[in-house]
There are 2 protein chains.
Amino acid sequence: MIKLNLNEEWIKRIDEIIAAFLPEEEGFPKPLYEAMNYSMKTGGKRIRPILLQETFKLFSAENDEVCHAMMAAIEMIHTYSLVHDDLPAMDNDEYRRGQKTTHIVYGEAMAILAGDGLLNLAYETAIKVLNTADTVMLTRGVKALKILAEKAGCKGMIGGQTADILAEDGLLEPSDELLYFIHGHKTAALIQSAMMIGGILAGADDENIAKLAKAAYNIGVAFQLQDDILDVTGNFQDLGKPIGSDAENHKLTGVIMKGLAEAHKEVSALSIEAIEILNSFPRQNEFLVKLVESLICRKK
Amino acid sequence: MIKLNLNEEWIKRIDEIIAAFLPEEEGFPKPLYEAMNYSMKTGGKRIRPILLQETFKLFSAENDEVCHAMMAAIEMIHTYSLVHDDLPAMDNDEYRRGQKTTHIVYGEAMAILAGDGLLNLAYETAIKVLNTADTVMLTRGVKALKILAEKAGCKGMIGGQTADILAEDGLLEPSDELLYFIHGHKTAALIQSAMMIGGILAGADDENIAKLAKAAYNIGVAFQLQDDILDVTGNFQDLGKPIGSDAENHKLTGVIMKGLAEAHKEVSALSIEAIEILNSFPRQNEFLVKLVESLICRKK
């Protein structure tokens, strides 16, 4: 049986893959590249790239190098969204993963530009998947690119961030529908794109991609509900950020809507269903299943 | 001889093309879509999409519908860069094209998200160029997508914006090299991508694409130098923004580096060379030449 520790070897491995796509720190805009790289290098569990890679392995025994550009791209999108989310006009957070946020270190203007730079770099990186003469891989690459752009966009992740902020500002009425919209878009959409792209690049058929979308939705929502729970029950040392900031920011969370006990139950139900789906495919990936379990039962 | 007026018929035509790619204003994140559409609809000369389309016509007599997605994408990228540029932490502008800027109307958080949304939507839109079973067009589409992402990115436009801000803050020593870096990246890079993509989609060969890159660089730098000149010599009514804001913001401009007379001369020299290049291709496009002339000799 595989034992998982979130600080383990594989995070280093993912970081090496990502590092190859980051900008050199040179020329007139040097502080921009420093801010982009600082944002990318401050810790992070690398959940999205590892889910992408492990989902690929769930459907293919071939070399997974074909995933590298998309793995980096998806982490860049995740990171830019955090950099902009932390800005004073948004959540106004000074710490993230125990480190000072980008705008605290580099100033607001550079943080805005670093976020823009990372989002654009994500697409510069993702389209490298089209660098192939193999028409089968080209078709998969186009399909993967579409999923990435759709899930990250204004009808995906950015739509979720917006609803989150509108709810915080009391401009949307709290409801279960709104809670699931926020968690489903702000968090689950990018997890979906990670796992769907892993499947697509490995040649999974449409039916299996739809199953992956469902499993990833559950994982994303459960992950976010766990986040809501940890914001109430965790501690600074584990989380690397202040506790209770959700309440302070008037965030709409699973704990507020359901209470702690119900939120815990929901996390369980969602994760059990997700793992059942992952176990239903012809190939097995024990590491992926353990990873999903550890993400959902995490303390940080 | 064609007479050009920047408020003419073709701006409406371009706006109709772009409108087809903008988001419906519905659902929880409705204010986001409103802010995105507001940003896209506030005037604008639509220079980049029209240059793309007319450069296509310079190399092909075929239906230019294949350009539409890229035309919209490039205007979205231009627009998002303005929305973020206008933010309080950046240039802190309240007016743009005579209208209130996005963050003034929708607030800072929504302006940050609307900018992110437009940048992402640009790629969602641009990759529609890959929706083709024609392998020749697919190859052109991939090439066009790479140019778009590179020119818009941290080694392109965003790099230029960064150098601009660092110069404003006195963190970079004023020099001709820096001035041309800023104008070449902040402004010319996106003009280059417009004209190069027009050529690529029309099947222009690499030698001609390189010529287009040179012509577009000249047009972009001349356009920006003209902007610098107008900031000193124009008026609010024509420009739709306050005069003298460059000096107020400590911007590094062509007028500051060269003086008005030299800046005028430079605009002339760059535009003459650009038009010579445009006239050197086998096909002629009188409209494109007049357009370039009008852009560079403009009063607003």
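**Exercise 1.** Find which residue's side chain Lys251(B) joins by a polar contact, and give the distance.

*Solution.* The partner is Glu168(B), and the side chains are joined at 2.5 Å. A polar contact is a pair of N or O atoms within 3.5 Å; within protein, one must be able to donate a hydrogen and the other to accept it, and residues adjacent in sequence count only if both atoms are side-chain atoms. This is a predicted model: local features need pLDDT of at least 70, side-chain atom pairs count only at pLDDT 80 or more, and totals for chains, interfaces and linings use all residues. Side-chain values use heavy atoms, without hydrogens and water, residues are numbered from 1 along each chain as its sequence is written, and chains are lettered from A and ligands numbered from 1 in the order in which they are written.

**Exercise 2.** Is Lys251(B) buried or exposed? Describe its surroundings.

*Solution.* Step 1: Lys251(B) lies in the loop between helix H12 (245–248) and helix H13 (254–258) of chain B; helices are DSSP runs of H or I with at least four residues, numbered from the N terminus. Step 2: its relative accessibility is 11%, so Lys251(B) is buried (under 20% relative accessible area; exposed is over 50%, partly exposed in between; 1.4 Å probe, protein chains only). Step 3: leaving aside residues up to four places away in sequence, Lys251(B) touches Asp91(B), Asp164(B), Glu168(B), Lys186(B), Asp246(B) and Ile256(B), where contact means heavy atoms within 4.5 Å.

Notes:
Helix = DSSP H or I, 4+ residues; strand = E, 2+ residues; numbered from the N terminus.
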